[in-house]
Amino acid sequence: MRVEDVMVTDVDTIDITASLEDVLRNYVENAKGSSVVVKDGVRVGIVTTWDVLEAIAEGDDLGEVKVWEVMERDLVTIPPSATIKEAAEKMVKNVVWRLLVEEDDEIIGVISATDILRAKMAKRY
């Protein structure tokens, strides 16, 4: 099974100046778990539910914390033709829960560990 078979193609973006409160609202209202962070239309990072959770655990005011303060700047990508085994290996190696799916220098999707686990369960049963 390939990444392109299980990836989510509706990739969310958010401006680098948004607050974590904006991120949380978007995630809850739209059932999202990550957003590609953009500055002037250029991707510069990723923010996830984990970043919001960490801020909550630290007692931060989500309206005051900006995305640029907590985002991951090193984007880990994978091609859509990669296998889900390769995706799992890359997640483990890079200690990330999600990979951006990139083709021809464009982000065309995202695959999460949950997507991989669901695919493995569906194949088994």
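Mentor: A residue is called buried when its relative accessible area is under 20%, exposed when over 50%, and partly exposed in between, with a 1.4 Å probe and protein chains only. The present model is predicted: local features need pLDDT of at least 70, side-chain atom pairs count only at pLDDT 80 or more, and totals for chains, interfaces and linings use all residues. Residues are numbered from 1 along each chain as its sequence is written, and side-chain values use heavy atoms, with hydrogens and water left out.

Trainee: Is Ile 84 buried or exposed?

Mentor: Ile 84 has a relative accessible area of 8%, so this residue is buried. Ile 84 belongs to helix H5 (residues 84–94); helices are DSSP runs of H or I with at least four residues, strands are runs of E with at least two, and both are numbered from the N terminus.

Trainee: Which residues is Ile 84 in contact with, leaving aside its neighbours within four places in sequence?

Mentor: Contact means heavy atoms within 4.5 Å. With those neighbours within four places set aside, the partners of Ile 84 include Met 1, Val 3, Ile 111 and Ile 116. The C-alpha atoms of Ile 84 and Met 7 lie 9.7 Å apart, although 77 residues separate the two in sequence.

Trainee: By class, what makes up the lining of the largest pocket?

Mentor: Ala, Val, Leu, Ile, Met, Phe, Trp, Tyr, Cys and Pro count as nonpolar, Asp, Glu, Lys and Arg as charged, and the others, Gly among them, as polar. The lining of the largest pocket has eleven nonpolar, two polar and four charged residues. That of the second largest pocket has seven nonpolar, five polar and six charged residues.
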